[in-house]
Amino acid sequence: MKPSETLANVQRTAGWLKKKATGFKPVTAIIAGSGIGNSLPRLKDVISIPYSSIPGFPATTVKGHAGELVFGRMGGKDVVMMRGRFHYYEGRAISFIAFPIRVLASLGVKNLLLTAAVGSLKPAIKPGDMVILKDHLNLMGSNPLMGNHHEAFGAMFPDLNDPYDVPLRRAAMKLARELKIRALEGVYTAVTGPSYETPAEVKMYRMLGGDIAGMSVAPETITARQLKLRVAALCWVSNFTSGISGTVLTHDEVLKLGRKISEKMRALLEGLLKSKIL
């Protein structure tokens, strides 16, 4: 697809959504990861739109992802939330992962809050902990910006010196302390999935500087930073990765723990939305 066609598709979808969500001008967007779709902020004046009805948005194929775009208000601010994300491992071109982020930016979004379930690479980072990202390692072997550059999306070679906004990170950590939520800053290791990591891979990721591992986040962050969006990523640890614990992980177990941690995530998101940082 030509870059001009990519831009036209983004603009077409954004225009369609503006007509469906008349009166909403969201400045902050939230993307919800596995198992915590029900922990999203309790918004007012809600409008929900299934992905299947949105031009260019396919239905999500991953259990635990509701697959709908939600517009609403909190603290006098308009918010839009993706209840479910698109993944490289679903067989989509990685350039497609950029599409919804660009649509959100076309709606006027300036701040992006990402949530995700992750595996811990270290014994000290335990299931149930929260990890606020300070950096990431993109080990997916590709990049969402490849082959679809248009000047409307930003620089062809965007700077990633500070991928996760420092003031947002500090605000999230301060809020976690106030809410008595165990949280720390860490480095996200982005891998393709959908298989979980082998013990040898876990050792390698640790040697490279990773604290946690997951199958999303990085492509979304890269796209958002090209668009000059401020990004914060709030991750919850669902499990130890291979070789750290003898427990065999299933996706259903990830979803079960996600339901337990949902109130913590909701409190963090609502606190950020009500603060002056956004």
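Reader: Which residues touch the most other members of the largest nonpolar core?

Author: The model is predicted. As a general idea, nonpolar side chains in soluble globular proteins tend to be buried together. In this case the largest nonpolar core holds 48 residues, and F71, L112 and L133 touch the most other members.

Reader: Is V217 buried or exposed, and where is its place?

Author: Buried means under 20% relative accessible area, and V217 counts as buried because its relative accessibility is 1%. Its place is in the loop between β8 (212-214) and α5 (218-226), and its phi is near 65 degrees, a positive value in a residue other than glycine.

Reader: What is the phi of K180, and is that residue buried or exposed?

Author: K180 also has a positive phi without being glycine, with a value near 60 degrees. Exposed means over 50%, so K180, at 75% relative accessibility, counts as exposed; this residue lies in the loop between α3 (166-178) and β7.

Reader: Which residues does a cis peptide bond join?

Author: The cis peptide bond joins G193 and P194, with omega at about 5 degrees, and P194 lies in the loop that runs between β7 (183-190) and α4 (199-208).

Definitions and conventions:
Residues numbered from 1 in each chain as written. Predicted model: local features only at pLDDT ≥ 70, side-chain atom pairs only at ≥ 80, totals over all residues. Heavy atoms only, no water. Core = buried A, V, L, I, M, F, W, Y, C linked by side-chain atoms within 4.5 Å. Buried < 20%, exposed > 50% of the residue type's maximum accessible area, 1.4 Å probe, protein only. Helix = DSSP H or I, 4+ residues; strand = E, 2+ residues; numbered from the N terminus.
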